[in-house]
Amino acid sequence: MTLALRSLRHGWRRFAPAVFAVGFSGLLVLLQAAVILGIFSLSSIYVTRSTADLWVGFPGVQSLDLGRPISGQAEFFMRTQSGVGRIEPFLWGSGEWKTANHGVVNVYLVGVDTQPGAMALSNALDQDLRAALETPDSVVIDAADRRKLEVRVGGTAEINGRRVRVAGLTYGLRGLGGVNVISSLATTRRLDPSSGPEGDVAYFLARVASPAAAKAVAARLNIIGARRGFEALTAGGFADRTTLYWLSESGAGVAFIFGSIVAVLVAVVITSQTLLAAVSGSIKEYAALRALGFSMSALRTIVLAQSFWVGACGMTIAAVLTAILAVVARAQNVPIILSAEVMGFGSLIILLVALLSGVLALRRVAQADPAALLL
């Protein structure tokens, strides 16, 4: 390992292209993973930015946006469970937003409780915005959707033929596959009567006295729900189910995953060819080591060690560039998740790409014959 590191320092010009090839391949892999997770995390953003411990909806619902109305009687059964505290309804509807210049934009209508301490979107709506929503036919949109909807705060628009006023903006609630428009429960029912017909709701949110007991409470509710037409899920479980649905079942998710696989394969090919050229340029050095008594096995170990250090240096470059681009992406409201898990997974991929490239380059080591020193 020490000899490999010294040879890299001595012949850094030969190995520099391989380091940059690994670095930019790693940048591609890391950004691809971060963008995929960022985009599809939008599908469950209404769950993750709320403080409810339980979500109760239609049995088998796979994604938040696929919710179907359940009977308001589900609230009664929820209140019979010990440990269940606050309960509030959550509506999900749809509409057509008429713009001034570009026709109609399809929007999702989200109805939330506007009372102080409400759980729905508690991390996105402050009390001033909730109070503003209490005015009939007032709505809130995300700042990233202003241009698409052609409206400003205080301006008016038309949804499903009804005039509404934009009371404020949220940040970071950009929708996946559509535009989200938030309003009070009453306004949402007026804009889309099918979102909560005859007292039905899309979901009930509940807070449990002990969050650790949420799974147990959900299990007890599901025994009743199997006969009454509802299913209880923990917030984390529902968020994971929604994201997994969009990743695995939607065409966009499959396309992103396929693109990631192709990106990794391209990274292996480019890096292996670059590393192969570096190894080929060091044939005389390897031949000198053979003349000094190094076995072929020892030479292969040196090449693999060199590949490891090339991968480590490239990984450092990739991490720095990814962090910089992530800051730029967030400034432009591009959804991106660059967590420790993503960085760790990406780093592992980068090292594996470098090591696999080293394995592909091993065939050139066989040409390291001491006789090459006479040429």
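1. L121 sits in the loop between β3 (104-112) and α5 (127-133). In this predicted model, the phi of L121 is near 55°, a positive value in a residue other than glycine. Most residues other than glycine have a negative phi. L121 is buried, with a relative accessible area of 0%.

2. N160 also has a positive phi, about 50°, although it is not a glycine. The loop that holds N160 runs between β5 (156-159) and β6 (162-170). N160 counts as partly exposed, at 38% relative accessibility.

3. Helix α9 covers residues 235-248, 14 residues in total. From first C-alpha to last, α9 reaches 20 Å, close to the 20 Å expected at 1.5 Å a residue. The buried residues of α9 are A235, F238, A239, T242, T243, W246 and L247. Seen down the axis of α9, these buried residues fall within an arc of 165°, so they line one face of the helix. D240 and L244, on the other side of α9, are exposed.

4. The count of aromatic pairs comes to 10. One of them joins W55 and Y203: the ring centres are 5.7 Å apart and the planes are at 70°, so this pair is edge-to-face. The pair links distant parts of the chain, with W55 in strand β1 (residues 54-57) and Y203 in strand β8 (residues 203-208), 148 residues apart. W55 is buried, with a relative accessible area of 1%, and Y203 is buried, with a relative accessible area of 1%.

5. Y203 also pairs with F238: their ring centres are 5.5 Å apart and their planes at 50°, so the pair is tilted. F238 is buried, at 0% relative accessibility. Ring pairs link Y46, W55, F90, W92, Y108, Y203 and F238 into a cluster.

6. The whole structure has six salt bridges. Side chains of opposite charge can pair when their charged atoms come close. One of the bridges joins the side chains of E88 and R86, at 3.2 Å from N to O. E88 is buried, with a relative accessible area of 0%, whereas R86 is partly exposed, at 28% relative accessibility.

7. Another salt bridge joins R190 and D137, at 3.3 Å from N to O. R190 lies in helix α7 (residues 185-191) and D137 in the loop between α5 and β4 (138-142), so the pair ties together parts that are 53 residues apart in sequence. R190 is partly exposed, with a relative accessible area of 34%, and D137 is buried, with a relative accessible area of 16%.

8. R241 and E231 meet in a salt bridge of 3.2 Å, N to O. R241 belongs to helix α9 and E231 to strand β9 (residues 231-234), so this bridge ties together parts that are 10 residues apart in sequence. At 24% relative accessibility R241 counts as partly exposed, while E231 is buried, with a relative accessible area of 18%. Elsewhere, salt bridges that share partners join R86, E88 and D113 into one network.

9. On the surface, F258, V262, V266 and I270 form a nonpolar patch, with about 350 Å² of accessible area together. V266 is found in helix α10 (residues 251-280) and is partly exposed, with a relative accessible area of 40%.

Key. Residues are numbered from 1 along each chain as its sequence is written. This is a predicted model: local features need pLDDT of at least 70, side-chain atom pairs count only at pLDDT 80 or more; totals for chains, interfaces and linings use all residues. Side-chain values use heavy atoms; hydrogens and water are left out. Patches are made of residues with over 30% relative accessible area and no salt bridge: like charges are joined within 9 Å, nonpolar side chains (Val, Leu, Ile, Met, Phe, Trp, Tyr) within 5 Å. Accessible areas come from the Shrake-Rupley method with a 1.4 Å probe; for residues, only the protein chains shown count as cover. A salt bridge is a side-chain nitrogen of Lys or Arg within 4 Å of a carboxyl oxygen of Asp or Glu. Helices (H or I, at least four residues) and strands (E, at least two) are DSSP runs, numbered from the N terminus. Buried means under 20% relative accessible area, exposed over 50%, partly exposed in between (1.4 Å probe, protein chains only). The expected span of a helix is 1.5 Å times one less than its number of residues. The arc is that of the directions from the helix axis to the C-beta atoms. Rings of Phe, Tyr and Trp (its six-membered ring) pair if their centres lie within 6.5 Å; planes under 30 degrees apart count as stacked, over 60 as edge-to-face and the rest as tilted.
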